[in-house]
Structure formats: structure tokens, C-alpha cells
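Hello,

Here is the structure I promised to pass on. Please open it first, then read the notes below.

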Amino acid sequence: RLESIAAALPGKMGKVFMMTHFENCSNEEIAAVLKVSPKTVKNLLSQAVVNIRLRMGLSITLAILLS
């Protein structure tokens, strides 16, 4: 479930999250692959985490309301 939410994130945000958490890549490795700075990777990862928390929170809330 987490993987499908991460894959649906816009732009490079989802790729950064996937590479960090599922492929165990460092920020420097991700920056080299995506041709961005390590600071950009850090910012994208932060945005991805916030976005995923919101999406998962909404899913859990809807599941509770519908049951």
C-alpha cells in the first residue's frame, strides 16, 4: 500500500521516497541518479513524507467511516 501511494506522488518526489526507503540509496546516490543536489533530495523526501502521511490518514479515516 505504501509503495503504491509513493509511486503516485508527483514529479521526482515519489522516486526519491522509493529510492530512499525501498532501495536503501543515500541522498548523494539519489542526487547523482536524478541529477539534482542532495539538498533537493532532502527537500523532496520531506515533502513526500508529509504527502504520504496525509494520504494514508485520509484512507484510514475513510475506512473507519465506511465500516
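Start with helix 3. Its residues I30, A31 and L34 are buried. Viewed down the helix axis, these buried residues fall within an arc of 100 degrees, so they line one face of helix 3. The face turned away from that buried side carries the exposed residues E28, A32 and V33. After helix 3 comes K35, with a positive phi near 60 degrees.

Please keep in mind that this is a predicted model.

Now the packing with helix 2. Helix 2 covers residues 13-21, and helix 3 covers residues 27-34. Their axes come within 10 Å and cross at roughly 140 degrees. An angle over 145 degrees would count as roughly antiparallel. Helix 2 and helix 3 are therefore oblique to each other. Their crossing is right-handed. On the helix 2 side, the contact is made by K15, V16, M19 and T20. Helix 3 contributes I30, V33 and L34. By class, that contact has five nonpolar residues, one polar and one charged.

Two residues link these points. I30 and L34 are buried, and both take part in the contact with helix 2. V33 also takes part in that contact, yet V33 is listed among the exposed residues.

Last, the whole protein. It has four helices and zero strands. From the N terminus on, the order is α-α-α-α. The C-alpha trace spans about 45 × 20 × 15 Å along its principal axes. Of the 67 residues, 30% are buried. Among contacts between residues at least 6 apart in sequence, 53% join residues at least 24 apart.

Best wishes

Methods
Residues numbered from 1 in each chain as written. Predicted model: local features only at pLDDT ≥ 70, side-chain atom pairs only at ≥ 80, totals over all residues. Heavy atoms only, no water. Axes fitted to C-alpha atoms, helices over the stretch in contact; angles between N-to-C directions. Helix = DSSP H or I, 4+ residues; strand = E, 2+ residues; numbered from the N terminus. Parallel < 35°, antiparallel > 145°, perpendicular 65-115°, else oblique. Left-handed = near helix turned anticlockwise from the far one by under 90°. Contact = heavy atoms within 4.5 Å. Nonpolar A, V, L, I, M, F, W, Y, C, P; charged D, E, K, R; others polar. Buried < 20%, exposed > 50% of the residue type's maximum accessible area, 1.4 Å probe, protein only. Arc of directions from axis to C-beta.
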